[in-house]
Amino acid sequence: MDIKTFNIAGLMLITPPRFGDERGYFSETFNAARMKEAGITDTFVQDNHSLSRQRGVVRGLHCQLPPHAQGKLVRCTRGSIWDVGVDIRTGSPTFGQWVGVTLSEENGSQFWIPPGFLHGFCTLSENAEVQYKCTNLWNRECERSVRWDDPLLNIEWPVAPGAAILSAKDAAAEAFSNVNDWFQA
């Protein structure tokens, strides 16, 4: 596994090796022992799968608060996405900072976003399929959403604000200035 870390502690880009021949390839996309070696010791309890039919779909920015906070191991199995993690750990030296990565069926990379981060993505292709493992079950009362284009975050999205395709929930998400002590660093 190739593991890349970032200036924001906790975020990791994990690229499992692919073994290919004329038939295609094989890749072990999850191995608990290898994840533990990389520092991911959380237990995954839920798998999610989304399909976004159009380019420019933005999903997020989402998180769940304790006691149902979720870490997510995200991968794109069809098409490509721009995936973003935003640090919302109060007291963290990187609070409010973000990392964005391209995940695609071609690169096979996975983005580890631990609890204490907002997560969102934008589709770079039509018919983008995203699959992610979660460390906690979804809980409606603990779910929070922050505006994807909040000017305080200044995320460099690959879609203009007027061209983004949003759900009603994401269009009505709260401002980043409302994130206050959601997670302690």
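Leu-61 lies in strand S6, which covers residues 58–64. Strands (E, at least two residues) and helices (H or I, at least four) are DSSP runs, numbered from the N terminus. The peptide bond that joins Gly-60 and Leu-61 is cis, with omega about 15°.

This is a predicted model, in which local features need pLDDT of at least 70, side-chain atom pairs count only at pLDDT 80 or more, and totals for chains, interfaces and linings use all residues. Residues are numbered from 1 along each chain as its sequence is written, and side-chain values use heavy atoms, with hydrogens and water left out.

## The cis bond at Pro-67

Pro-66 and Pro-67 are also joined by a cis peptide bond, with omega about 10°. Pro-67 is in the loop between S6 and strand S7 (72–78).

Most residues other than glycine have a negative phi, and most peptide bonds are trans.

Asn-127 has a positive phi, near 50°. This residue sits in the loop between strand S12 (117–123) and strand S13 (128–134). Its relative accessibility is 23%, so Asn-127 counts as partly exposed. Buried means under 20% relative accessible area, exposed means over 50%, and partly exposed is in between (1.4 Å probe, protein chains only).

Asn-154 has a positive phi near 50°. Its place is the loop between strand S14 (143–145) and helix H2 (168–171). Asn-154 is exposed, because its relative accessible area is 57%.
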